[in-house]
Amino acid sequence: MTGTVDESALIAALRTGDDAVFAQLVDQYSPSMLRIARGYVKSHESAEDVVQDVWIGVVKGIAKFEGRSTIRTWLFAVLVKIAKARAIRERRDAEHAVAVFTGRTVDPARFRPAGDQLPGHWKEPPAPFPQTPEGSMLDKELIAIAEREIQRLPEIQRIVVSLRDMLGFDSNEVCELLSISKANQRVLLHRGRAAVRQELEDYLGDR
Amino acid sequence: MSRAAMDCNELVELVTAYLDGSLSSETRARFDEHLLGCDGCENYLEQFRVTIATIGKVKDEQLDPVFRARLLEAFRDWR
């Protein structure tokens, strides 16, 4: 993501208190900010308070913003900080203790056991997912299933998957935003994606 | 020294690292080698790609108008 050049006009407008530019940024970023905030705090109302605090913090701090990061990276850095502080007040585990996962992301029963001719290989190979034209009924169904499964993921996985695959942050940005190692980021992302993949496969297999 | 062939149950745990380009060159070579001979894993990788693309199509909800108005008001007050 680049755009620091294009954004200098936006920053300048914010500094002069331009309503229209503020509204544009609010519309562009608040929905995804709410989604991420919701991973930290108890309720939708709480998430709205967090997002409001972020915007207030941002407009107050706009004079100091040097444009070294994009507006988006800056917003989400402030968001994570405020959401974590709020989570601590709500006595939620803001650090999302990143467990060391030893579990597998695919049911071990799907692979041939030790002692088999081909141990560790698929018993029944996965079938390709069907083509789903953009906007088709099936495409919409799969998107809805993915969204539902993302909501069910453990919080930190949900946050990582949302940042990476919905909002398009790269792995370095996510590690920095969440203060997690690259290896942890990868494990969390992989587990989240694998859980969604399994739901899609179950759905497609049952049709 | 010949390196061990990769099994399907190992490959499935490495897909995100593979797609991110963070596998060591040796592991990547074993991954690619396995894929060449395994339709099941090729399908699995493709399913994973479709999954990621599907997640990318999830849309955020529209902002609640009352909340939006609250944010814009806060900005006006500050200005």
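**Domains, a helix and a chain: a working chat**

Tutor: Chain A is divided into domain 1 (4-89) and domain 2 (108-206); these bounds come from an automatic or database domain assignment. This is a predicted model, in which local features need pLDDT of at least 70, side-chain atom pairs count only at pLDDT 80 or more, and totals for chains, interfaces and linings use all residues. Residues are numbered from 1 along each chain as its sequence is written, while chains are lettered from A and ligands numbered from 1 in the order in which they are written.

Student: How far apart are the C-alpha centres of the two domains of chain A?

Tutor: They lie 29 Å apart. The contact takes eight residues from domain 1 of chain A and nine from domain 2 of chain A. Two residues are in contact if their C-beta atoms, placed from the backbone, lie within 7 Å.

Student: Which elements give two or more residues on the domain 1 side?

Tutor: α2 and α4 of chain A. The largest share, four residues, comes from α4(A). Helices (H or I, at least four residues) and strands (E, at least two) are DSSP runs, numbered from the N terminus.

Student: And what is that side of domain 1 of chain A made of, by class?

Tutor: Four nonpolar, three polar and one charged residues. Ala, Val, Leu, Ile, Met, Phe, Trp, Tyr, Cys and Pro count as nonpolar, Asp, Glu, Lys and Arg as charged, and the others, Gly among them, as polar.

Student: Switching to α3(A). Which of its residues are buried?

Tutor: Ala47(A), Glu48(A), Val50(A), Val51(A), Val54(A), Trp55(A) and Val58(A). Buried takes 20 or more other C-beta atoms within 10 Å of a residue's own, exposed 12 or fewer, and partly exposed is in between; C-beta atoms are placed from the backbone.

Student: What do they pack against?

Tutor: α2 (19-37) and α4 (71-89) of chain A, together with α5 (65-78) of chain B. The face turned away from the buried side carries the exposed Glu45(A) and Lys60(A).

Student: Now chain B. How many helices and strands?

Tutor: Five helices and zero strands. Buried residues make up 24% of its 79 residues.

Student: What box do its C-alpha atoms fill?

Tutor: Roughly 70 × 25 × 15 Å, taken along the principal axes.
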